[in-house]
Amino acid sequence: MEIDKAKKTIYQILLPINLNFPLDYYAQEQLEVGDFALVNFRGKEITGIVIKLLKQSAIAHNKIKTINRKLALPKLTKDNLKFIEFLA
């Protein structure tokens with residue numbers, strides 16, 4: 001199923017890798033801040049956390065990948081997210 005990327009929400013995903021910033025992804029399903037999601041990064045499937053929802057990105061639409069799927073895990077609380085962002 002192809003998505004219309006120009007009209008979709010952009011999800012900033014924090015990955016457990018050595019980056020000081022989140023990466024932008026699209027999704028075929030609705031996600032919320034604190035949700036866990038599987039994404040492709042450099043040829044590997046990695047679990048990440050949605051930390052922000054955006055209407056626009058500085059990245060070109062055709063460069064933004066799509067989230068593989070939302071994981072059926074309890075989402076993180078705001079306090080958990082603040083702590084993770086502090087450590088990142």
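A residue counts as buried when its relative accessible area is under 20%, as exposed when it is over 50%, and as partly exposed in between. The legends below use these words for a predicted model.

**Figure 1. The sheet is open and has six strands.** The strands follow the order β5-β2-β1-β4-β3-β6, and their pairing is mixed. Strands β5 (65-66) and β6 (69-70) are the edge strands, and each of them pairs on one side only. Strands of a sheet pair through backbone hydrogen bonds, either parallel or antiparallel.

**Figure 2. Strand β1 pairs with strand β4.** Strand β1 covers residues 10-14, and strand β4 covers residues 44-54. The two strands run antiparallel, and five bridges join them. Two of the facing positions can be picked out in this view. Ile 10 stands opposite Leu 54 in β4, while Leu 14 stands opposite Ile 49 in β4. Helix α1, made of residues 78-87, lies across both β1 and β4. The helix runs at about 110° to β4.

**Figure 3. Gln 12 is a buried residue of strand β1.** What is the relative accessibility of Gln 12? The value is 15%, and because the limit for a buried residue is under 20%, Gln 12 counts as buried. Apart from neighbours within four places in sequence, the residues in contact with Gln 12 include Pro 22, Leu 23 and Asp 24. Its contacts also include Ile 49, Val 50, Ile 51, Lys 52 and Leu 54.

**Figure 4. Strand β3 is mostly covered.** This strand consists of residues 36-41, and five of its six residues are buried. Strand β3 pairs with β4 in the antiparallel sense, over six bridges. Two bridges join β3 to β6, and this pair also runs antiparallel. Leu 38 shows both pairings. Its bridge partner in β4 is Thr 47, and its bridge partner in β6 is Arg 69. Ala 37 has Gly 48 as its bridge partner in β4.

**Figure 5. Arg 42 sits in the turn of the hairpin formed by β3 and β4.** Two residues lie between the two strands of this hairpin. Most residues other than glycine have a negative phi.

**Figure 6. Glu 32 and Lys 75 form one of two salt bridges in the structure.** The closest N and O atoms of the pair are 2.4 Å apart. Glu 32 lies in the loop between β2 (23-26) and β3, and Lys 75 lies in the loop between β6 and α1, so the pair ties together parts that are 43 residues apart in sequence. Glu 32 has 43% relative accessibility and counts as partly exposed. Lys 75 also counts as partly exposed, at 41% relative accessibility. Side chains of opposite charge can pair when their charged atoms come close.

**Figure 7. Asp 35 and Lys 70 form a salt bridge.** In this pair, the closest N and O atoms are 3.6 Å apart. Asp 35 is in the loop between β2 and β3, while Lys 70 is in strand β6, so the pair links distant parts of the chain, 35 residues apart. Lys 70 has a relative accessible area of 34% and is partly exposed.

**Figure 8. A nonpolar patch lies on the surface.** The patch is formed by Phe 83, Phe 86 and Leu 87. Together these residues have about 400 Å² of accessible area. Phe 86 lies in helix α1. With a relative accessible area of 68%, Phe 86 is over the 50% limit and is therefore exposed.

How values were computed
Residues numbered from 1 in each chain as written. Predicted model: local features only at pLDDT ≥ 70, side-chain atom pairs only at ≥ 80, totals over all residues. Heavy atoms only, no water. Pairing = 2+ DSSP bridges. Helix = DSSP H or I, 4+ residues; strand = E, 2+ residues; numbered from the N terminus. Contact = heavy atoms within 4.5 Å. Axes fitted to C-alpha atoms, helices over the stretch in contact; angles between N-to-C directions. Patch = residues over 30% accessible without salt bridge, like charges linked within 9 Å, V, L, I, M, F, W, Y side chains within 5 Å. Areas by Shrake-Rupley, 256 points an atom, 1.4 Å probe, with all protein chains shown as cover. Salt bridge = Lys/Arg side-chain N within 4 Å of Asp/Glu carboxyl O. Buried < 20%, exposed > 50% of the residue type's maximum accessible area, 1.4 Å probe, protein only.
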